[in-house]
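Here is a short briefing for a first look at this structure. Please view the sequence and the model first, then read the notes below.

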Amino acid sequence: MKHMIIYAHPNPKSFNFAIKEKIISEIVKKGEEYSFISLYDEKFNPILDSPDFEALHRGEILADVAKSQAMVKEADHLIFIYPIWWFGQPAILKGWIDRVFSNGFAYYEDERTFIPYLTGKSATVYVTLGTEKHVLEQNGMDVDQFMGSMTLGTLGLVGIDPVNVVPFYGIPKITDSERKTLLGSVVM
């Protein structure tokens with residue numbers, strides 16, 4: 001199996017970084033292949049702007065987008081690792097999706113039809129939250145409510161199925177020992 005890891009966290013001392021390291025270790029242990037993109041380290045331009053649309057109209061793809069699209073195309077399984085900020089993903093990841101999952105690559109749409117192009121792929125989405133699970137529940141929320149835009153409205157729409165979400169709650173408030181235990185639960 002070939003995995004693609006899409007990593008979106010700016011802090012190399014974060015729990016997200018530790019998740020990424022554990023996942024890579026697990027993939028290597030299994031003898032499987034992976035590709036990797038760190039959106040912050042690569043300073044990926046998240047702004048879908050005129051040059052993107054002009055290139056698409058000419059039948060071209062900008063170099064940074066083409067690189068990511070090639071990685072997505074080769075992968076059987078996409079692995080997203082990011083924090084939940086304001087009940088959504090970081091802007092850099094949203095911008096990556098906007099630019100990479102374009103019409104003609106991730107799907108085809110015209111006035112009559114919509115065809116997903118990324119069928120046959122699966123995904124796992126690892127997310128960290130600053131809020132504890134019981135606080136969300138006390139306020140009538142759960143992770144599925146704000147993950148729907150990613151799991152259904154993005155990945156599901158372009159044909160990626162199944163999509164598994166692995167949430168880690170209250171990360172800033174837990175001890176190093178608890179973090180180590182949580183990392184032990186990350187398996188591929």
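A residue is called buried under 20% relative accessible area, exposed over 50%, and partly exposed in between (1.4 Å probe, protein chains only). Leucine 56 has 38% relative accessibility, so leucine 56 counts as partly exposed.

This is a predicted model: local features need pLDDT of at least 70, side-chain atom pairs count only at pLDDT 80 or more, and totals for chains, interfaces and linings use all residues. Residues are numbered from 1 along each chain as its sequence is written, and side-chain values use heavy atoms, with hydrogens and water left out.

- Leucine 56 sits in helix H2, residues 50-57. Helices (H or I, at least four residues) and strands (E, at least two) are DSSP runs, numbered from the N terminus.

**The cavity**

- The count is 1 cavity of 30 Å³ or more. On a 1 Å grid over the protein atoms alone, a cavity is a set of points where a 1.4 Å probe fits but cannot get out; lining residues have an atom within 4 Å of a point.
- The largest cavity holds about 80 Å³ of space. Grid points are joined across faces, edges and corners, and the volume is the space filled by probe spheres set on the points.
- Its lining includes Leu48, Leu56, Ile61, Arg99 and Ser102.
- H2 and helix H3 (63-74) are the elements that give two or more residues to this lining. H2 gives the most, with 3 residues.

- Lysine 20 lies in helix H1, residues 15-29. Lysine 20 counts as buried because its relative accessibility is 7%.
- Lysine 20 touches Ile5, Tyr7, Phe36 and Ile81, not counting residues up to four places away in sequence. Contact means heavy atoms within 4.5 Å.
- Lysine 173 lies in the loop between strand S7 (163-168) and helix H7 (176-184). At 54% relative accessibility, lysine 173 is exposed.
- Lysine 180 belongs to helix H7 and is exposed, at 66% relative accessibility.

Notes. 1 Å grid on protein atoms, 1.4 Å probe; cavity = no way out; pocket = protein on both sides within 12 Å on 5 of 7 lines; lining within 4 Å.
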